[in-house]
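This briefing concerns the surroundings of a ligand and the pairing of aromatic rings. Please consult the sequence and structure shown here.

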Amino acid sequence: MTTVQFWGPDFSALAAEDPEIADILLAELDRARSGLQLIASENFTSPAVLAALGSTLSNKYAEGYPGKRYYGGCVEVDKAEVIGIERAKELFGAEHANLQPHSGASANLAVYGAFLAPGDTVLAMSLPHGGHLTHGSKVNFSGKWFDVVSYGVRADTELIDYDEVRDLARTHRPKMIIAGATAYPRLIDFAAFREIADEVGAILMVDAAHFIGLVAGKAIPSPVPYADVVSFTTHKVLRGPRGGMILSRAEHAAKIDKAVFPMMQGGPLMHAVAAKAVALREAASAGYQAYASAVIENAQALAAALEARGMRAVSGGTDTHLALIDVRGLDVTGAEAEERCDAAGITLNKNAIPYDPQKPMVASGIRVGTPSVTTQGMAAADMDLIGALIAQAITEPASAGDIAGQVQALVARHPAYDRT
Ligand SMILES: *Cc1c(COP(=O)(O)O)cnc(C)c1O
C-alpha cells in the first residue's frame, strides 16, 4: 500500500495566497471565542469535523448514490457515504437515511417534493408561534407553492394546542402534517401527532432540526418511531457540519432519495457527507450523551436565572436546549435587548413570543440556547452568572464595557477551540 500525505486544512497556504480572506477567518474565530454565543441554532464543531469539511472530498462529483453514480472515481466517497448512512440508521434506529441535503431547508424541500404536488394542503406550526420559514411562510417555497394551514400554541399555557391540531386536520384533510419548530422550548407529543395523522390519512413529517442532537444523545424522546419522515439540520445541537439529513421508513426510501437527487439537488457535497459521518460517530459516544443532558440542564438553569431577574420564560421554562424569554418585564423590546447584549459581547437573537403585539423585526422576546456554551464546558453555575450579565446588559446599557470584560473572563475560563 502506498502512503499518501494528507493534504488537510493548511492555514499558512491560505494566509500566503489570500491574506484578505485569511484575516476574516481569524477575526471570526476571535469573535466567536471572545464573546458568549447563545444563538440556539449554533454550536462549535470538533476539529475532526472541520478536517473532513476542509478536505479534497470537496472536489469529487458524485451525483447519485453509493454504487449507482453518474460519475467514475467514486470508490472512496462511496465508502464515506455508506458509513455515514449506517451510522445514522444505527444511532437513530431508522430504516433509511439520506445524508445528501445541503441544508435543513433543502431537506424540507425534498420532503415536500417526495410526498406532495403543488397546491396540496399541509398542516404546520405557525411562524409567529415558533414554526420555521419552510413551514408555510409566504416568502418561502412552502407558502408560495402549497396551501399551508397553521396551528399554534394556546394563549394560556403557550403549549401546542393538540385539540386545535386535530380540529384543523379534520377540517382541512392535509396530505402532510409537520411537527417541529424553531422556537418552541418544550417536548412535542409525537404520539399525539401520529394519531391525528392516521385519523386523516396524512404523512407525518417531523422537522427535528433544532432538537435532533438531544435525541442522538438520548436526552429526550425520539420522533423516529412515530414519523414517516424526520428531517433535520446537522449543525445545531448535533454539532456536525452545516447541512441537512433525512430519516424515513423503508417504504418511503426510494421516494426520499429521488426527491433529494435528482429532483432538488445535483452533486452532493461529499466533504460535508464525510463530515456528517464523523459527527454521527461522535454523537454515538458516551461523552456526547453527557453533553446532551448538560445542554438541557444548562438551558433550564439559564431560564431560571433570567426569570429570577424579571424576564418571563415562555411556557414557564424549557425541556430542551433553548428558552424563549419575554423581556417586556424589563421595559425593552426584543430588538433593544439583542442590541444591548451584543454591545456587551453576548450574542443572542430577538424572537417573537406567542401572540406578540410587536412586529417580528422588533419582537417582545429573545431566544437563548446553550449548545455552544455547553460545548465550551460551562455548567449550571455559570448559567446564573450569564443570566446576571444579560440582565445587567439590558438594564444598564452604559456599563456594556464592564460587562464585556466579565464575559471575556468567563469565556477565558472555558475557551472554545482551546487545543494548546
Ligand atoms: C434551522 C431550521 C431549518 C433550516 O435549516 P437551514 O440549514 O438553515 O436551511 C429548518 N427547520 C427548522 C425547524 C429549523 O430550526
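Which of the 13 residues around the ligand come nearest? They are G104, A105, D207, H210 and K236, where a residue is near a molecule if one of its heavy atoms lies within 4 Å of it. This is a predicted model, in which local features need pLDDT of at least 70 and side-chain atom pairs count only at pLDDT 80 or more, while totals for chains, interfaces and linings use all residues. Residues are numbered from 1 along each chain as its sequence is written, and side-chain values use heavy atoms, with hydrogens and water left out.

**Ligand shell**

- The shell around the ligand consists of 3 nonpolar, 8 polar and 2 charged residues; Ala, Val, Leu, Ile, Met, Phe, Trp, Tyr, Cys and Pro count as nonpolar, Asp, Glu, Lys and Arg as charged, and the others, Gly among them, as polar.
- Helix α5 (residues 104-115) gives the most to this shell, with 3 residues; helices are DSSP runs (H or I, at least four residues), and strands are runs of E of at least two.

- A backbone N or O atom of A105 lies 2.8 Å from a ligand oxygen atom.
- In the side chain of K236, an N or O atom is 2.8 Å from an oxygen atom of the ligand.
- A polar side-chain atom of S103 is 3.5 Å from an oxygen atom of the ligand.

**Aromatic pairs**

- The whole structure holds 11 aromatic pairs, that is, rings of Phe, Tyr and Trp (its six-membered ring) with centres within 6.5 Å; planes under 30 degrees apart count as stacked, over 60 as edge-to-face and the rest as tilted.
- The Y112 and F146 ring centres are 5.0 Å apart with planes at 50°, so this pair is tilted.
- Y112 belongs to helix α5 and F146 to the loop between α6 (141-145) and β6 (147-151), so the pair ties together parts 34 residues apart in sequence.

Note on methods. A polar contact is a pair of N or O atoms within 3.5 Å; within protein, one must be able to donate a hydrogen and the other to accept it, and residues adjacent in sequence count only if both atoms are side-chain atoms.
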